[in-house]
Structure formats: C-alpha cells, structure tokens
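I'm opening my notebook on this one. Time to look up a few pieces and jot down what turns up.

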Amino acid sequence: AENGYNLWLRYLPIENVQLRQAYQRQLSSIAIYKHSPTIDAALKELINGINQMIGKVPNISSIPGGAAINFKTNRLVLAKLDQPAIAAQFSTVERRQIGQEGYLIKTIRQNRVQQILIAANTDIGLLYGSFHLLKLMQTHQSLQALNIQQWPRLKLRILDHWDNLNGTVERGYAGYSLWNWQTLPGIIQKRYIDYARANASIGINGAVLNNVNASVKSLTREYLIKTAALAKAFKPYGIKVYLTAKFSAPKELGHLKTADPLDPAVIKWWQDKVKEIYHYIPNFGGFLVKASSEGQPGPGDYGRTHADGANMMAAALKPYGGIVMWRTFVYENKKGADRAKQGYEEFKPLDGKFADNVLLQAKYGPIDFQPREAFNPLFGAMPHTHMMMEFQITQEYFGFATHLVYLGSLFQEYLRKDTYQKGPGTTIAKVLEERVNPETADSNRLTGIAGVANIGTDVNWCGHPFGQANWYAFGRFAWNPMSSADSIAEDWLKMTFTNDPGFVNPIKKLMLGSREVAVNYMTPLGLSHIMNFATHYGPGPWSKFPGWDARDYHHADSVGIGLDRTATGSDAVSQYAPALAAKYSNLKTTPLNLILWFHHIGWDQKIATGETMWNSLVHYYYKGVKQVAAMQQIWQSMKGKIDEDRFNYVTQLLKQQHLEAKWWRNGCVLYFQQYSKRPLPKDCKEPG
Ligand code: GCU
C-alpha cells in the first residue's frame, strides 16, 4: 500500500522499456575519486534509486587521484573540480559560478563510450547533483546530452520548525514533532535521516529545531547534547542546525537580574552560552529570535532597540561563524493603529544599524501569512540590511492539512513582486538575492529564506498528501526564487505519483489554481484576517475578544467594506515606493485582488468586475465553492490512474474541503449581509 512516506523520492520502476534500457547502459557503473560521509550518502542514494528504477545495482569503483578520464566503459562519475581531468571538461566561468553548493552535470563521450559527469567544488555539490540526476530519471528525461549548471541563489535555505519540547507543534497539523527528545542523543531514528535526505534533495541547508515561542530549556546543556546528535546526523546532508533563542535566557537560565542587551553580565552570559553551544555542536548555524513580539521578551523590555538586541547576540556568535535571524513580526493590538504598518515603523529607522551577521526575517506580507496580503513594504526599503523572507509552509490560514492548496503559486507571486524601490524591476527575488546594488554585492553577502515547516510524525509527513508539494516547492524556490510554480508542480507530481500525462496535466492545473480557489472562498478581493480567532480554522469575521477585533481587519459598516490605507485613512500606502503608493492610492489602479486591502468601498459602488461591490463579493464566495466542486470532479476522473490509498484519501479530503468552503462562504456572506442589507444576487441562492 502507498502511504506517502517516501515523499517525492519514490524511485518507481521505469516501465518504458527503451528508456529503462538506455538508463541501464548509461548507469551500470559509478566511479568516484574519494569517499566522505557526504559522497557516501550520494552513492547510497544513487545505488538505491537506480536499482529501484531500473532493477540493476550499479557497481562502484574508485579512480586514483590525478588520473585522466578513462573511456573504457560507460559510467557515471562523481568528482570534485580539484581533479584536473574533470576541471578540463568545464569552463572557468562554469566552475566559479556554481560556488560552494552548486554542481555541473555533463554527458561526455569518446568514440562510442559515454560518461555522465557530476562535478562540483564541494562534496555537498555532488550530493545535490546526484539528486538532480535521480530527478531526471524520475521524470523520464534523456541523459544523452546533459549540460546542466546549477547553483543556489540564496545562501540560507531554512526550515523553521515551530516544535515544542513536549512534542507538540505550534500550528502543526501533521502529528507531533519529529524530534524525539526523550530518546536523543542515543537513538538516531531512520526518520531523521529520511528527513535530511528529503531536504538535501531540494537543497534545504538549515533547520531551526524549536518554536519561535521558545522555551529556554533548549539552551540547557542537557538539550544541547541532544541537539548535537541531530546536528551530527544531518551534517553529511549539508544541513546545519539552528535554535530559537529566548531573549530572557540570561535571567531564566543564568539567574541574572536582567536580560538587558547592553549589560556586561548579560553580554558575558551569551558569550559563554555560545561557546558552550559550539563545544557540543561545532557546525551550529546560529539563532532565530522572536523578540518584543506577542508577549515574548526582548530588548524593548529595557528600552533598547532591536538592533541592540540582535547585535549583542551576533557579536557572541561572530567568532564561530554563527548568524542571527531576527524576526520583524511585531505588532501591538493598539486600537486605531493599522497593524500592517507596525513592522515597517519599528524596523525601517534601524536600516544600516545591524551587524553583518544579522539577517532580518520578514513575513511575506505585513500582517500574518494570510491567503493574500499586499507584500511586506520592508522588502526593498532596507538597502543596508540583510533581509530574508519568511513563508509559511504549514497551512495555518489555509485550512490546515485538510484543504488542498498548492503554495507554489503564492511563493511565486511574492518573490516576483516588484517593489520599485530602485526603479521598475526591483523584485523581491532580487532584493533577497542582494542583486539590487551590484556595485556593493560580494559573494560573502548573507542571503536567505525560511519556511515554517508543515512536517510532523504523520506517516506521510505532512498530513495532506498534497502538503508534501509545499515542502518540495519551498525548497525549489529557496534554491532559485525565480523558479516556476508550474514546472515545480509538474516535477513533484511525476516524482510523487506518476508520469502519466493523463494524470499530471489535469492535476497540475488543479494545483496551480488551488491557492486562488481558497482565496475566493476565504478572503476574496483583498480581505484578510477574518478567520476564527481561537483556532484560525474556518470563518470568523465576527470574532471579538479583548485586544482583538476582526472588524479592525475588514471595516464592514452600513456604507461599505475594506480598509482605507490611503492618505485619507491609515496611509500605509506611504510605506511603498512612490510609484506603488500612487498606484495603490487609486482604486482604479489597485489590483482587483487587493482592493479591500487598500480601500473602503461602498456596497453599491461598481468595481472592475463590472458589478457592485456587494454583488462581486458574494460572487467570489460562491465561485470559490463551485471551484472546489470542480476540483472534486477532476479528481474523481483520475480514479485508477494512481494508487487507491492516496486516491481515496484525497477524495475524502476534497469532500471535506467542499463542506468547509461552504462554511466560509455562508459564514462570511451572511455576516457581511448584516451590514450591506442587500439581497444576494439572483444566481447565488444555493441553499446550505
Ligand atoms: C502567528 C501564529 C503564532 C506564531 C506567530 C509568529 O501569529 O498564529 O502561532 O507564534 O504567527 O509568527 O510568531
């Protein structure tokens, strides 16, 4: 039975005889120069993958260092570019361009002998290249004339686990934490290795193991020893371990009277703690910090700035090469304050004040991982600060692990957004890659991206079988922010299910539309943050609790709906580049999918749909529900094309999603109708 455990590393037998025979001729033998834990991991993956796909275990041989390429037989060669014979096959540009993590794959031939070279400057490059070769086979591509150059555009490609030490996962919907703290450090579960393999296959090179709402316990010696065991297990796969550091640790663990970042005793405490960490975990990555936000302690408690706090920690980490990822997710529930403005207001004045081993980690939108927000105005506005993006892979606001929502489309949308901060074309991708100021860019610049993981102990890791696609897509976009959601979905489907175009084409289309479908039945036209207050599941535009009122996020009243964020309102538009501020200030030039984010619009006003605001809103909600029904139909027509287990599971999930889409639609439409006092459009009378 297929339970999804193997993710996209399924290595299904190649049934096409011609293709299988071609692979058999090309891959009957693998040669390497030197062993290392990382090369051995690559070999293991190749042997296993090739054997599963073509039913033949390749034999392994070694090549003496310095030897010329031997064209006696067809084979696959894994080699570092410090071998002159290998280097000679590539140009200087190619060898340099791929840097410390990239790779080159090339088919070379002499007479009738054909060899496939995977070459890199480092062992990890060879592992990444090996996974690429396996992907080519999994997606049934020819290996006849390969000429591939790949390297990551961002340095830090990190999964943030919001895992608590008691095994629960904050906003996790796929079981419990993978980290079994009770049996660590003694027991290294196979699952940890499979986790590392999956990450390495898409180039993820870091993992923050504990929740942003941190317990100081993870900084104790006992837990550092456990963490060290995980770090050691992940190391061959190129994955560094990071920890969330709670700002009050000097008080809670060190029994100091203060955690003031400028206090000498506090500075000393962090220096000693970092020294201890590196003693146990020599390849430790650094800290993630959520400070002075949602009740977390921080420099604000002592009248200090975020820069004071971040730089103090960064200084302690610097001698060991560690970094700080300091989050910009801060807000106060101040009545009348526009929450969308607060992160920018707090951080923009600090541009240029952060140490060079600090990155600011900002969510894609200024509020909170909503189905659609305007992009976070901090991107492009902090030219003197390393900025990293934070996406949420776990579907906190997207129907948990019940709704099918392919986030590749969302990742693509934000990464390609134009901030206009240095004129048109200043995309967020460029900002993250620090390609905006080519004159100051150097190869040591710190760049990165983080995704809040959707992984847990569920047999299939992610709960929803299609949740795996979001983990996969995150890795691919982290590797190259200008990737295409479309081709990522296609690769993932082929590797995870089947190469049958009768399945891949329609289901790829379904995936690519699925995020917009969810926006339609949850928060169309730029609405946001109207979910149930307590669970974040299901609708709750009526939610009202002390310090939190959903009406502050939709402003529905007898006149209309939406937030005026132009100069006549909160003026959040002024945080964007002038060209964009002007565009967003005018309803006519505001993208239709953000009109309610930027404008309060009268119920009877005609909008770009050609209908009134009220009728348009209702139509979007109804459309979302119909679209889920269409997704169900398409899925049903796939019966027999994939394994029964996952087919049946997704069938049930889509049925539930359809019910819940109606729940969202009915809840929101009926709620807003109290204000609009208008009838539903005639074609929207479907009961229930
Ligand atoms: C959201 C989420 C919290 C989380 C917070 C954060 O608000 O609901 O659980 O702690 O984001 O990103 O820090």
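Predicted model: local features only at pLDDT ≥ 70, side-chain atom pairs only at ≥ 80, totals over all residues.

**Strand β14 and its partners**

I started with strand β13 (residues 386-392), which pairs with β14 in the parallel sense over five bridges.

Next I checked strand β7 (residues 156-160), and five bridges join β7 to β14, with the two running parallel.

Then I asked myself: is β14 (residues 448-452) mostly covered or mostly open? It's mostly covered, as five of its five residues are buried. I also looked at which way they point: Gly448, Ala450 and Val452 go one way from β14, while Ile449 and Gly451 go the other way.

**Helix α14**

With 13 residues at 1.5 Å a residue, α14 should span 18 Å, and its end C-alpha atoms are 19 Å apart, so the two agree. α14 is mostly covered too, with 13 of its 13 residues buried.

**Histidine 658**

Last stop: histidine 658, which I found in helix α21 (residues 644-676). Its relative accessible area is 17%, and the cut-off for buried is under 20%, so I noted histidine 658 as buried. What does histidine 658 contact, leaving aside its neighbours within four places in sequence? I listed Val625, Val628, Ala629 and Gln632.

Notes
Residues numbered from 1 in each chain as written. Heavy atoms only, no water. Helix = DSSP H or I, 4+ residues; strand = E, 2+ residues; numbered from the N terminus. Expected span 1.5 Å × (residues − 1). Buried < 20%, exposed > 50% of the residue type's maximum accessible area, 1.4 Å probe, protein only. Contact = heavy atoms within 4.5 Å. Pairing = 2+ DSSP bridges.
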